[in-house]
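Let's take a walk through this model together. Have the sequence and the 3D view open side by side, and follow along as we go.

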Amino acid sequence: MNSEQDTIRKILTKTGDTWAVVGLSSNERRAAYGVAAVLQRYGKRIVPVHPKAETVHGEQGYPSLDAIPFKVDVVDVFVNSELAGDVADQAVAAGAEAVWFQLGVIDDAAYERTRAAGLDMVMDRCPAIEIPRLG
């Protein structure tokens, strides 16, 4: 059984570099905006997923995961915990390899379902905090 730190390292270094960021909009005051910028600085392609489907950090947005016309590797979830389980299920259906629930996003049942489906998963952590620690 891998430790959580092993899973974090795997997602950030070995899982593909296309990250769908669910909840990312052009609102610079939201955490997703800053985290997406950090991911880009570390070579990740970010794909904004938000009902407004805005272009953010130069990347075209999509209204939902199933509207993205290419494979995403990681689904980074910036929605309330009550909505996160549905997003995790959509990530499984979309063929993602990993799901990342941001700080404060917790759904134990979704975590178990996602892991049972064969995906890597991290919950209540932030990749913008974790990725600089890998150096």
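Helices (H or I, at least four residues) and strands (E, at least two) are DSSP runs, numbered from the N terminus, and contact means heavy atoms within 4.5 Å. Keep in mind that this is a predicted model, in which local features need pLDDT of at least 70, side-chain atom pairs count only at pLDDT 80 or more, and totals for chains, interfaces and linings use all residues. Residues are numbered from 1 along each chain as its sequence is written, and side-chain values use heavy atoms, with hydrogens and water left out.

Which residues of α1 (residues 4-13) are buried? They are Thr7, Ile8, Ile11 and Leu12; buried means under 20% relative accessible area, exposed over 50%, and partly exposed in between (1.4 Å probe, protein chains only). These four sit on the same side of α1, because they cover an arc of only 125° around the axis, taken from the directions from the helix axis to the C-beta atoms.

Now move along to helix α4 (residues 108-116), where you will find Thr114. Thr114 is buried, with a relative accessible area of 0%. Its contacts, leaving aside residues up to four places away in sequence, are Ala88, Val92, Val99, Leu119 and Met121.

Finally, look at the loop between β2 (45-49) and β3, which holds Ala67. Ala67 is partly exposed, at 32% relative accessibility.
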